[in-house]
Amino acid sequence: MKSFDFVVTNPLGIHARPAARIAQVCIGYKSEVTLSVDGAEANGSNVLSILRLEAIKGSNLHVQADGPDEDEALKAIRAVLEEEQPKGKKAEILKIAFFGTKSYDRIFFSELAKDRGVGAYNVDIKYIKSRLTEETASLAKGYDAVCIFVNDEAPRPVIEELHDDGVKLILLRCAGFNNVDIDAASEYGITVLRVPAYSPYAVAEHAMTIIQAANRRIHKAYNKVRDNNFALSGLLGVDLHNKVAGIMGTGRIGVCMARICKGYGMTVLGWDAYPNKKLEEEGLLTYVSKEELLQRSDLISLHAPLIMGEGGTHHLINRDTIALMKKDVMLVNTSRGGLIDIEALIEALKAGRFHAVALDVYEGEDANVYTDHSEDMLSSDIVARLTMFPNLILTSHQAFFTREALQAIAAVTMENARNFNEGLPYGAAEVK
């Protein structure tokens with residue numbers, strides 16, 4: 001166990017920005033970190049817990065780490081506390097129109113946005129319930145930036161409207177950017193910044209959760225027991241141990257999924273346009289061609305970005321690629337709906353080609369994402385058709401939805417806003 005003491009010198013105390021950055025640092029280490037002020041304690045990986053310490057200027061902050069990487073964790077935390085603040089700003093307060101607002105968005109964004117002064121994010125957020133579309137883009141008039149999510153729409157007409165309304169920055173509170181016309185944004189001088197990584201563990205863990213639920217028919221078992229039916233008919237699954245897992249896309253999320261599959265005792269194959277040879281060197285997976293992965297895998301997990309056009313990943317899974325797969329293969333998609341040709345998938349499900357399918361995303365989902373349609377008439381039959389299959393589980397684009405991920409999304413998005421306003425480097429967040 002190691003520790004250090006730090007006297008807070010910032011006039012705002014340990015305000016939202018250092019709290020967010022400390023929390024993100026702590027999540028990256030295995031050691032348990034505790035912060036304390038005058039007997040009050042906070043979990044170092046929880047930004048709201050840190051803020052509740054109410055550490056003001058002059059407070060003595062005690063930082064303690066206990067674990068295998070405690071020295072590194074404390075060093076990183078001290079660097080956050082001692083960071084010098086740049087002085088230049090484009091605007092004293094950056095005004096942001098936040099589209100598609102849900103109640104859980106406010107939990108972290110409102111806390112991080114409330115401070116004003118040296119080292120704070122210095123933003124003013126207007127929360128808008130509507131998605132960004134051609135019809136709603138004019139709501140951004142008078143704002144410096146818009147903040148959008150995966151189901152918002154920013155094609156060229158929307159970009160043109162945003163430009164006419166004075167918007168200079170698009171903040172994506174997600175990793176994907178296929179819903180933004182990047183060429184149009186560049187043409188109109190609008191910067192596009194994303195969250196390149198928030199919690200790859202959240203997405204990978206959800207992928208394994210739902211494919212195992214589909215494999216073992218947990219959704220059916222749950223409903224049967226509620227009906228006082230304890231028969232096992234229709235619930236037969238398969239062991240994952242000693243099976244072959246195919247990971248299509250070996251970025252951060254794909255690597256997390258590969259490690260989970262390895263933990264199940266599976267042989268892991270990988271396919272990626274840019275293979276990471278270090279993964280092979282450590283024995284995590286073996287890279288093979290797309291065709292070989294499809295032919296050999298018992299479980300296929302999609303973690304590739306959606307890239308349109310020739311040579312892209314749009315409809316990566318289609319009639320031809322499904323034909324290469326083993327009969328009774330398992331397929332899970334927590335990446336982008338457009339990776340799978342939905343009509344080809346339904347056709348193959350009807351033909352009994354799959355043992356289990358688990359989808360957190362699907363082609364044509366945009367109008368449904370994060371919206372309650374329980375009282376509406378059915379406008380699309382895709383969901384009805386998918387959910388009729390007893391071996392398929394469909395969830396509501398929720399793979400990212402953990403406390404750690406929401407915290408990271410808010411922190412990185414706010415850092416992106418600050419970097420834009422103060423002329424600091426964007427790093428991997430910039431979309432060109």
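1. Arginine 78 sits over the face of phenylalanine 4, at 4.1 Å from the ring centre. A charge counts as over a ring if NZ of Lys or CZ of Arg is within 6 Å of the ring centre and within 35 degrees of the ring normal. This is a predicted model: local features need pLDDT of at least 70, side-chain atom pairs count only at pLDDT 80 or more, and totals for chains, interfaces and linings use all residues. Residues are numbered from 1 along each chain as its sequence is written, and side-chain values use heavy atoms, with hydrogens and water left out.

2. Four strands make up an open antiparallel sheet, in the order E1-E4-E2-E3. Helices (H or I, at least four residues) and strands (E, at least two) are DSSP runs, numbered from the N terminus; two strands pair if DSSP finds at least two bridges between them. Strand E1 (2–7) and strand E3 (40–43) are at the edges with a single partner strand each, so one side of each has no neighbour in the sheet. Neighbouring strands are turned by 20 degrees against each other on average, direction ignored.

3. Within this sheet, strand E2 (32–37) and strand E4 (60–66) run antiparallel and are joined by five bridges. Serine 36 is opposite histidine 62 in E4. Helix H3 (70–81) packs on the sheet and touches E1, E2 and E4, its direction making about 10 degrees with that of E1. Contact means heavy atoms within 4.5 Å; axes are lines fitted to C-alpha atoms, for helices over the stretch in contact, with angles from 0 to 180 degrees between N-to-C directions.

4. Another open sheet has seven strands with parallel pairing, ordered E12-E11-E10-E13-E14-E15-E16. Its edge strands, E12 (286–287) and E16 (392–394), each pair on one side only. Strands E10 (244–248) and E13 (299–302) run parallel and share four bridges, with isoleucine 247 opposite serine 301 in E13.

5. Helix H13 (342–350) lies across E14 (329–333), E15 (354–359) and E16, running at about 145 degrees to E15.

6. The largest pocket holds about 1200 Å³ of space. A pocket is an open set of points on a 1 Å grid over the protein atoms alone, where a 1.4 Å probe fits, with protein on both sides within 12 Å along at least five of seven lines; lining residues have an atom within 4 Å of a point. Of its 49 lining residues, Arg194, His303, Ala304, Pro305 and Leu306 are the closest to the centre. The largest share of the lining, three residues, comes from H9.

Definitions and conventions:
Grid points are joined across faces, edges and corners, and a volume is the space filled by probe spheres set on the points.
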